[in-house]
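Please read them alongside the coordinates.

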Amino acid sequence: MVFSSLLFLFLFLPAVLILYYVSPRRIRNLILFLTSLVFYAWGEPVYIVIMLLSTVTDFSFGLLLSRPKLSPRQRKGIVASSIVVNLALLSYFKYADFLISNVNSVLGTNIPLTDLALPIGISFYTFQSMSYIVDVYRGKVQAQRNWIDFGTFVALFPQLVAGPIVQYSVIAEQLKNRVVTVELFAEGVRRFIIGLAKKVLLANNIGLLWHTVSNSSASEMPALTAWLGIIAFSFQIYFDFSGYSDMAIGLGHMFGFRFNENFNKPYTAQSITDFWRRWHISLGSWFRDYVYIPLGGNRRGTWLQLRNILIVWVLTGFWHGASWNFMLWGLYFGVILVFEKTWLLRLLERSPRWVRHIYALLLILVGWVLFAFEQMEQLGGFLLAMVGGNGSPLWDANTGYLFYTNAILLVILAIASTPLLKLPRRGPVQLICCFVLFVLSVAYLVDATFNPFLYFRF
Amino acid sequence: MNKGQRSDRILVGGFVSALLAAAVLFLALPMQTFSETENRVLQRPPELSWSHIWNKQFSLEAEGFVTDHFPMRTSWVQLKSEMEQLRLQQENNGIYKGKGGYLFEKFEQPDDAKAKEYAEVVQRWAAMHPEAGMTFMLAPTSIGMYPERLPWLASADSQRDVNAFVKEQLKGKLTFLNGFDFLSDATDGNRPIYYRTDHHWTTYGAYLAYSAYSKQMGWEPLPESAFNIETVTRSFLGSYHTRSQFSGVKPDSIEVYTPKKPLHTTVSVADDRSTSESLYDTSFLSKKDKYSYFLGGVHALMTIKTELPAADVQLDKLLVIKDSYAHSMLPFLTSHVQELHVIDMRYYNGNISQYMKDNGIQQVLFLFNTATFLESSELLKLGTKSSV
């Protein structure tokens, strides 16, 4: 199930809210756990087994780890086993076909693909479970002894399918004790509506522009059309993803949870280093805490630090999808970060603000080209079109059409990417805005399912 | 309670009651089974069973059920359409809002492979019937004919090229009649050849097609003065309007051409074995789908028999394989052809060669519009063994 569906909004959510609030406190986690399973099983009835397997494994490993009188070797062994299980699940379902097809093309073999669909949210919940085991190992948190509470942590439907990646240490206490005030619930509603509007009104509509551009042939595309397209994609991915995070955080509030923020106006970044502090923060922190720092972080000399940066960013890229372009995308940012760390940031600090801003945006946009095309030829063709290397004119009538029919939306998107437009925390203006955004979002949701069947057309 | 707390309470109360109200309305309102606006049967309540849950049928149907029966569905869709127009978007759900009240369906360059595949199967089938005369009429849709009426700076890929391509593929056995040839002269006139809000041609457009076909067959087409031309409705909002829900669109009129010299025709629809004395079904004029006034809409197979004085008979039997563009054009042919056999291949699964043999048919007309033709995978049935 997705948040931006009528069934979720108008049947599932009210049902869960009612169930949750009429139940006595001690069974509320159970209610959340069970409804989360329904939420997950809705789209993936079979794969729920995998999620439960990952959950049970890490719950048991956590209990094992908390036993006294374990030798350091045994403790390491337990953590390693947990990581192996999670990575094995992730690799098998997400990366096996990528590996097989590459082996096939390099060795000329003909190993059949698994052709498995990617279980929803597997990249998120395996990462959450691993963070738990490592934190227990590090003594940062106590092992969870209540399987319902642990299950709730892993399966909690607001963040189950698309994050933010909630580290166990953040909500360990909230699983036991949490208070929902009217204020927190209201904040949740506000965040949810903002997130819904970002997804349905902004991301989906600018996504149509990207769809149009990315589906036309790059070999004849005017440069400005290509730029317009990739700008559209940048907005689409940001508002889609951050909208989803907002909805998750908002829903969390409605049940008394406080998750960490996942985005902080990433397109106002002044450098790529800055961008990655603002983009998908929960993933960045995860890689920092569980890969970068264990590899030695910045404590073992410059060369090792640079190596660590590259490793982390290639992995970050690969986490986004089993395809070379995602690795390339990660490597691209890794290299830029290495440059920034060694000399570029010092240079940028001496430049005017707008130069830093344009520098960062240009690199981010080019990064999105790498991200958007899984096929290398398409990727190359599009980059070529952006620099006018395909011999097409700078723009044509269609560029003009795409621009003016989206101009107002683009202005809204640009403003919404900055801190300029802030909804007041409370009061009539906020109430009216929330009302309007919600009504419009529902209208767009209903329209998306409006499907006139023109049987007489054929 | 301070102001801030009151604001929070209103927000929470408002949100929760909105969710509940929608849920209650949804469950309480009577469920329709058919949507006039969308012209389709709506999703029925999902059936709960383990196997349906397991194969996701339950969740898919449940989602379809909720969205299909969402309270005040059309109003929501109209609100969205309004917002899109406010933000200067010139299209909605694949429909352009063109100049002069014209709506157009977007047309994107198809892949030639498909056009080629369909044309080839027609060509091969035609070659298997050397004794029969075959004509292929391909009419553009309105966007192909009126590029200058598209929204400012909007462009459409060329249907002219597609038609030329298909013509090239069909060379040889079939006589090709290109809509661009017989409709172009009428585009600058005051008389519409296409509906502004629907994807069909007007009766006048169909008349031009009839004239072109008659001339190609060597018949003398009846002049317009041989018909009583009447407007049967002025409130036709067609499929383009339905999909886009653009506001401020003027409805179309539908005209009917009745020969001044009365003819007696009998229409037999094989689908339900019904017969009728009229080529028109007036009951549709009070419904949404007004174009079905012509011949009562789509049928898999029907025959139209006309009692003609021997002097007027130009042809005894004609088989028409067609899409719905034919519906407003066929009535004209009744002045020349005694028996029209009309097949819609999307619904007809019989063997067409056999049908021709059984009925002694020697003359075939294919009639499609360019957009439909490119989606007519059912033409491939002509290539399967059972049709040969």
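1. Within chain A, 24 residues of domain 1 of chain A are in contact with 22 residues of domain 2 of chain A, two residues being in contact if their C-beta atoms, placed from the backbone, lie within 7 Å. This is a predicted model, in which local features need pLDDT of at least 70 and side-chain atom pairs count only at pLDDT 80 or more, while totals for chains, interfaces and linings use all residues. Residues are numbered from 1 along each chain as its sequence is written, and chains are lettered from A and ligands numbered from 1 in the order in which they are written.

2. On the side of domain 1 of chain A that touches domain 2 of chain A, helix 5 of chain A gives the most, with five residues; helices here are DSSP runs (H or I, at least four residues), numbered from the N terminus. By class, that side of domain 1 of chain A has 16 nonpolar, five polar and three charged residues, where Ala, Val, Leu, Ile, Met, Phe, Trp, Tyr, Cys and Pro count as nonpolar, Asp, Glu, Lys and Arg as charged, and the others, Gly among them, as polar.

3. The bounds, which come from an automatic or database domain assignment, are 6–178 for domain 1 of chain A and 184–447 for domain 2 of chain A. Their C-alpha centres lie 26 Å apart.

4. Between chains, 48 residues of chain A are in contact with 53 residues of chain B. To the side of chain A that touches chain B, helix 19 of chain A gives the most, with nine residues, and by class this side has 34 nonpolar, nine polar and five charged residues.

How values were computed
Helices (H or I, at least four residues) and strands (E, at least two) are DSSP runs, numbered from the N terminus.
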